[in-house]
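My notes follow the order in which I looked.

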Amino acid sequence: MKKKGQFRRIAVKIGTQVLTDENGMLDQTRVDELVRQVSGIRKNGTEVILITSGAVASGRGLFKPEQKIDPVSLRQLWSSIGQIRLIQVYSSLFEKYKTLCSQVLVTREDFRSRVHYLNIKNCFTVLLNQGIIPIVNENDVVSVTELMFTDNDELAALVATMLNVDCLIILTTVEGIMKNREDGKPDLIESVEPGNRNFEKHISSGKSAFGKGGMLTKAVMARKVAESGIDVRIANGKKDNILPAVLSGETAHTRFIPAAGKTSIKKWLQHSFGFEKGAVVINGGAVEALKKRKAASLLPVGIVAVEGEFQKGDLITIYNEKKQQVGLGIAQYSDEQARLKTGKQHEKPLIHYDYLFLL
């Protein structure tokens, strides 16, 4: 039975280096420990979505090609082999704790279309309603170039906002986000308030195996998720019983305090940059109107140019006349119709406020 104050639904993202040993091989003891914790949390009444890395690392440990293969093909090869191994390990361990899991493989393309997005969301909802733990990973076999996520932190952010989780836990190999003190030693940033971006310039790699770039990516992604109303915590996945300890606040970690919630569509839009099909350029008056009014839609009268090809329901970017990105939204009609309406008054909005996200 769910306890008072307990999270209704959480997402847990596990990085490759949490799952592997010093030789880069899958650490089954560590995986077992994390599976035990996830199973316990699920049995206590909290729904859990698991976003995992490790497929490529698992494949690398199983097979070494004799001849040279280009990096993209090698990633596909290792992922194809390793994904089977990884899910077998998870499945057998969850079975050990009498918990059923499933596999969900996705690419960035799956989040480009609102229809695809809702189909995936429905799949997750069905699994969670039946008490099954979805194990999510990027489909590296088909994810190449523009189809690839920046990393699984981006995937975790998309899944967390899609399913409107109460908390996203990102497990890495350090206690959280570190900054340098005056004496040069790393210091843990324990909490980040909504809207605070100043902390990013102080991020130190510390003892993180990810380096500054990796931790900075995590911090930026965590801030964006928290700004959409989700509690985000970054913690050391190598520590025993880390998940219950993080959820109860009994261990050192970095917490991003959630801002006031947004609608599900606006949460999706907030994490959809890079999925646009086309763009529009708007004049200064339109920019001012969008940013000043509480509920302003993008009208054709403020549009000065339409770029690319798009249809109703596609994502499009909004630029000002200096080509600076203002926001993005869902087009209410095609680029052809938008060109015919450009600059005209008393026309239907190209992007309705409900489907508009501003930077």
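The entries below go from the ground rules to the sheet, then to single residues.

**Ground rules.** I am working with a predicted model, in which local features need pLDDT of at least 70 and side-chain atom pairs count only at pLDDT 80 or more, while totals for chains, interfaces and linings use all residues. Residues are numbered from 1 along each chain as its sequence is written, and side-chain values use heavy atoms, with hydrogens and water left out.

I looked up the strand order and found 8 strands in an open sheet with mixed pairing, in the order 3-4-2-1-5-10-11-8. Strand 3 (101–106) and strand 8 (191–192) stand at the edges with a single partner strand each, so one side of each has no neighbour in the sheet. I took helices (H or I, at least four residues) and strands (E, at least two) as DSSP runs, numbered from the N terminus, and strands as paired if DSSP finds at least two bridges between them.

Strand 1 (residues 9–14) pairs with strand 2 (residues 47–52) in the parallel sense over 6 bridges, and Val12 stands opposite Leu50 of strand 2. Helix 2 (residues 28–43) lies across strand 1, strand 2, strand 4 (133–138) and strand 5, and runs at about 155° to strand 2. For that angle, axes are lines fitted to C-alpha atoms, for helices over the stretch in contact (heavy atoms within 4.5 Å), and angles run from 0 to 180 degrees between N-to-C directions.

**Strand 10.** I then asked which neighbours strand 10 has, and found it joined to strand 5 (residues 167–172) by 6 bridges, running parallel, and to strand 11 by 3 bridges, running antiparallel. Leu171 stands opposite Ala235 in strand 10, and Val232 has Phe256 of strand 11 as its bridge partner. In a regular strand the side chains alternate between the two faces of the sheet. In strand 10, Asp231, Arg233 and Ala235 on one side and Val232, Ile234 and Asn236 on the other are all buried, where buried means under 20% relative accessible area, exposed over 50% and partly exposed in between (1.4 Å probe, protein chains only).

**His253.** This residue is in the loop between helix 8 (242–248) and strand 11 (254–256), and is buried at a relative accessible area of 11%. A polar atom of the His253 side chain lies 2.8 Å from the backbone oxygen of Thr251. Leaving aside neighbours within four places in sequence, I noted contacts of His253 that include Arg233, Ile234 and Ala235.

**Aromatic pair.** How many aromatic pairs does the whole structure hold? My search returned 1, the stacked pair of Tyr90 and Phe94, at 6.4 Å centre to centre with 25° between the planes. Rings of Phe, Tyr and Trp (its six-membered ring) pair if their centres lie within 6.5 Å, and planes under 30 degrees apart count as stacked, over 60 as edge-to-face and the rest as tilted. Both residues lie in helix 4 (residues 71–96), 4 residues apart, about one turn of the helix. Tyr90 is buried at 1% relative accessible area, and Phe94 is buried at 0%.

**Cysteines.** I looked for disulfides, taken as pairs of cysteine sulfur atoms within 2.5 Å, and the count came to 0. Cys123 is partly exposed at 37% relative accessibility, whereas Cys167 is buried at 0%.

How values were computed. Polar contact = N/O pair within 3.5 Å; in protein donor to acceptor, adjacent residues only side chain to side chain.
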